[in-house]
Amino acid sequence: SWRLIGFINHINYSLAQQDMLDAMAKKYGFDRPPTYTFSSVEDLLKDVDQWRGKEGVVVYSKNDQMLHKVKAMQYLKCHAFKSNATFENTIEMFFEFDMPSYQDFEVKLIEKFDYECYQMVSGHISTICDGYKEILNIVEGMHRFVDKIKLLNTRKEQATAVFSSYGKESNRSSYIFTILDGKKLSKEQLKKLLYQVTKK
């Protein structure tokens with residue numbers, strides 16, 4: 001069905017007022033957008049900001065000639081997401097959500113944005129989650145390697161073993177030293193590994 005949202009009077013280019021639009025819609029059988037009543041502008045902003053699944057409202061002023069759009073935060077997030085649904089941004093979210101499983105990543109994305117947003121990046125999610133499993137195996141191998149070189153007598157001998165196995169210029173050598181020093185790999189280090197294994 002048709003929904004009447006407005007029209008312009010071409011004599012003076014003014015916008016039709018809401019009561020006129022209501023009367024026309026009733027006469028010709030058109031639907032009209034729903035109307036909302038708020039006790040104050042503050043209440044309107046507070047309420048609409050929390051909406052989910054709805055874009056927002058249009059507030060009319062100056063005898064219905066001035067339109068002010070008030071968007072729900074959820075809508076703005078989804079709109080921004082859809083404009084930037086890149087592999088890189090999906091990786092950023094993966095780490096923001098603390099490296100979830102595929103199923104948890106899907107749930108978190110739908111909760112934070114919506115199902116359509118999830119669908120836009122579902123291919124990226126598969127690549128990222130598969131890549132992260134590979135990273136966990138790589139890191140496990142690094143820990144096994146560190147367990148062996150810890151038995152060497154000096155740091156110099158350990159460094160020689162690291163460089164001969166991982167190369168002097170490799171960032172993976174620096175990761176081995178991080179583990180050797182008893183520290184966990186940072187999210188930034190894991191992110192670099194993820195880019196390496198996914199080759200994006």
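I take helices (H or I, at least four residues) and strands (E, at least two) as DSSP runs, numbered from the N terminus.

I am working on a predicted model, where local features need pLDDT of at least 70, side-chain atom pairs count only at pLDDT 80 or more, and totals for chains, interfaces and linings use all residues. Residues are numbered from 1 along each chain as its sequence is written, and side-chain values use heavy atoms, with hydrogens and water left out.

I looked up E188 and K191. Both lie in helix α9, 3 residues apart, about one turn of the helix. My criterion is a side-chain nitrogen of Lys or Arg within 4 Å of a carboxyl oxygen of Asp or Glu. For exposure I use relative accessible area: buried is under 20%, exposed over 50%, partly exposed in between (1.4 Å probe, protein chains only). E188 is partly exposed at 48%. K191 counts as buried at 9%. Salt bridges with shared partners join E92, E188 and K191 into one network.

**Other salt bridges.** I find 6 salt bridges in the structure. One of them pairs R155 with D181, the closest N and O atoms being 2.9 Å apart. R155 lies in helix α7 and D181 in the loop between α8 and α9, so this pair ties together parts 26 residues apart in sequence. R155 is partly exposed at 41%, and D181 is partly exposed at 42%. R144 bridges to E140, with closest N and O atoms 3.1 Å apart. Both lie in helix α6, 4 residues apart.

**Core.** I then checked the largest nonpolar core, which has 38 residues. Such a core is a set of buried Ala, Val, Leu, Ile, Met, Phe, Trp, Tyr and Cys residues joined through side-chain atoms within 4.5 Å. F81, F94, F105, L109, I135 and L194 touch the most other members. Helices α4 to α9 each supply at least two of its residues. The largest share, 14 residues, comes from α6. I listed contacts of L194 (heavy atoms within 4.5 Å). Beyond four places in sequence, L194 meets I91, F94, F95, I128, G131, Y132 and I135.

**S173.** This residue lies in helix α8. S173 counts as buried, at 1% relative accessibility. Leaving out residues up to four places away in sequence, S173 touches V162, F163, Y166 and G167.

**Surface.** I noted W2 in the segment before β1 (8–9). W2 is exposed, at 69%.
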